[in-house]
Amino acid sequence: MSAYVIFVRETVTDDQALERYREHTPAAREAHPLEPLAFYGAHEVLEGAPVDGLAILKFPSMAEARAWYMSREYQAARPHRLQGSTGKMYLVEGTDAQEQ
């Protein structure tokens with residue numbers, strides 16, 4: 001049953017901190033199965049305030065998405081993201097879970 005992590009980056013506050021975040025995140029991706037579905041490409045805000053960027057990551061399950069987020073590898077990267085940007089992160093269960 002798939003799950004998705006959705007990042008909404010509202011503003012960039014420190015480019016160097018975000019670069020450090022980008023340097024740390026490959027270790028978390030390598031340690032946990034995920035598929036990037038959208039990754040800070042062109043976007044259009046249809047409702048709400050403008051945002052700097054969005055990313056959507058697909059995981060095999062809610063448990064695996066949580067394991068990625070709580071992993072030592074991602075937790076090492078996370079402070080750099082928080083220092084370098086403002087935004088929100090969501091975890092949502094996929095519709096295939098509702099079909100079961």
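A salt bridge is taken here as a side-chain nitrogen of Lys or Arg within 4 Å of a carboxyl oxygen of Asp or Glu. The structure is a predicted model, in which local features need pLDDT of at least 70 and side-chain atom pairs count only at pLDDT 80 or more, whereas totals for chains, interfaces and linings use all residues. Residues are numbered from 1 along each chain as its sequence is written, and side-chain values use heavy atoms, with hydrogens and water left out.

A search of the whole structure finds four salt bridges. In one of them D52 is paired with R9, with the closest N and O atoms 2.7 Å apart. Because D52 lies in the loop between β2 and β3 and R9 in strand β1, this pair ties together parts that are 43 residues apart in sequence; helices (H or I, at least four residues) and strands (E, at least two) are DSSP runs, numbered from the N terminus. With regard to accessibility, where buried means under 20% relative accessible area, exposed over 50% and partly exposed in between (1.4 Å probe, protein chains only), D52 is partly exposed at 36%, while R9 counts as buried at 15%. A further salt bridge joins the side chains of K88 and E10 at 2.6 Å, N to O, and links distant parts of the chain, K88 being in strand β4 and E10 in strand β1, 78 residues apart. Both partners are partly exposed, K88 with a relative accessible area of 40% and E10 with one of 28%. The side chains of R22 and E19 also meet in a salt bridge, at 3.4 Å from N to O; these residues are three apart in helix α1 and are therefore separated by about one helical turn. R22 is partly exposed at 44%, as is E19 at 37%.

The charged residue R81, located in helix α3 (residues 72-84), is buried yet has no salt bridge, and the nearest side chain of opposite charge, that of E10, is 9.5 Å away; for this assignment Lys and Arg count as positive and Asp and Glu as negative, with His and the chain ends not counted. Leaving aside residues up to four places away in sequence, R81 touches F7, L18, Y21, Y74 and M89, contact meaning heavy atoms within 4.5 Å. The buried residues of α3 are E73, Y74, A77, H80, R81 and G84, and they pack against β1, α1, α2 and β4. Helix α3 bends by about 25° at R78, and the proline P79 follows within four residues, the bend being the angle between axes fitted to the seven residues ending at a residue and the seven starting there.

In helix α2 (residues 62-70), the residues M62, A65 and W68 are buried. Seen down the axis of α2, these buried residues fall within an arc of 125°, so they line one face of the helix, the arc being that of the directions from the helix axis to the C-beta atoms. On the other side of α2, A63 and M70 are exposed. The buried residues of α2 pack against β1 (3-12), α1 (15-31), β3 (53-59), α3 and β4 (85-93).

Y40 lies in the loop between β2 (35-39) and β3 and is partly exposed, with a relative accessible area of 29%.
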